[in-house]
Amino acid sequence: GRDCSVQRRHQKIIEEGPVVAADPEIFAELERAAVRLAKEVGYVGAGTVEYLYRESTDGSPPEYSFLELNPRLQVEHPVTEWVTGIN
């Protein structure tokens with residue numbers, strides 16, 4: 001996974017990997033939710049799920065919302081391969 005927390009005019013400026021905004025447990029939850037989404041819509045193949053993640057400031061659980069399911073790999077995919085060592 002990657003974390004794109006710095007944007008300008010809806011364009012990614014900084015891409016971080018691995019994800020630093022969410023705890024590993026939350027990130028695992030997001031991965032499971034992404035798989036459920038793909039299965040729900042019948043998607044098979046390589047793809048990218050994007051979501052908006054918001055950390056809590058008052059002690060409540062963090063929140064996330066899915067933005068889109070892209071039926072292709074993103075141009076940033078090599079960042080994930082490099083960070084994880086998985087092709």
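Reader: Which residues is Tyr64 in contact with, leaving aside its neighbours within four places in sequence?

Author: This is a predicted model. In it, Tyr64 is in contact with Glu29, Leu30, Ala33, Leu52 and Tyr53, once neighbours within four places in sequence are left aside. Contact here means heavy atoms within 4.5 Å.

Reader: How far apart are the C-alpha atoms of Tyr64 and Glu29?

Author: They are separated by 10 Å, and the two residues stand 35 residues apart along the chain. The contact is judged on heavy atoms, whereas the 10 Å refers to C-alpha atoms.

Reader: What makes the pair Tyr64 and Glu29 a polar contact?

Author: The side chains of Tyr64 and Glu29 are joined at 3.2 Å. The cut-off for a pair of N or O atoms is 3.5 Å, so the value of 3.2 Å falls within it.

Reader: Why is Tyr64 called partly exposed?

Author: Its relative accessibility is 25%. Buried means under 20% and exposed means over 50%, with partly exposed in between. Tyr64, at 25%, therefore counts as partly exposed. Tyr64 is found in strand S4, which covers residues 63–70.

Reader: Is Asn70 buried or exposed, and why?

Author: Asn70 counts as buried because its relative accessibility is 8%, and buried means under 20%. Asn70 also lies in strand S4.

Reader: What does Asn70 touch, not counting residues up to four places away in sequence?

Author: Asn70 touches Gly47, Thr48 and Glu50. With Glu50 there is also a polar contact between side chains, at 3.4 Å. That value is within the 3.5 Å cut-off.

Reader: Where is Ser60, and what makes its class what it is?

Author: Ser60 is in the loop between strand S3 (48–54) and S4. The side chain of Ser60 makes a polar contact with the side chain of Asp58, at 2.6 Å.

Reader: What is the secondary structure of the protein as a whole?

Author: There are two helices and four strands. Along the sequence they follow the pattern β-β-α-β-β-α.

Reader: How do you know that the radius of gyration agrees with a compact globule?

Author: A compact globule with 87 residues would have a radius of gyration near 12 Å, and the protein has 13 Å, which agrees. The C-alpha atoms fill a box of roughly 40 × 30 × 30 Å along the principal axes.

Reader: How many of the 87 residues count as buried?

Author: The share is 20%. The protein exposes about 6,700 Å², and carbon and sulfur atoms supply 54% of it.

Terms used: Residues numbered from 1 in each chain as written. Predicted model: local features only at pLDDT ≥ 70, side-chain atom pairs only at ≥ 80, totals over all residues. Heavy atoms only, no water. Rg over C-alpha atoms; globule rule 2.2 N^0.38 Å. Buried < 20%, exposed > 50% of the residue type's maximum accessible area, 1.4 Å probe, protein only. Areas by Shrake-Rupley, 256 points an atom, 1.4 Å probe, with all protein chains shown as cover. Polar contact = N/O pair within 3.5 Å; in protein donor to acceptor, adjacent residues only side chain to side chain.
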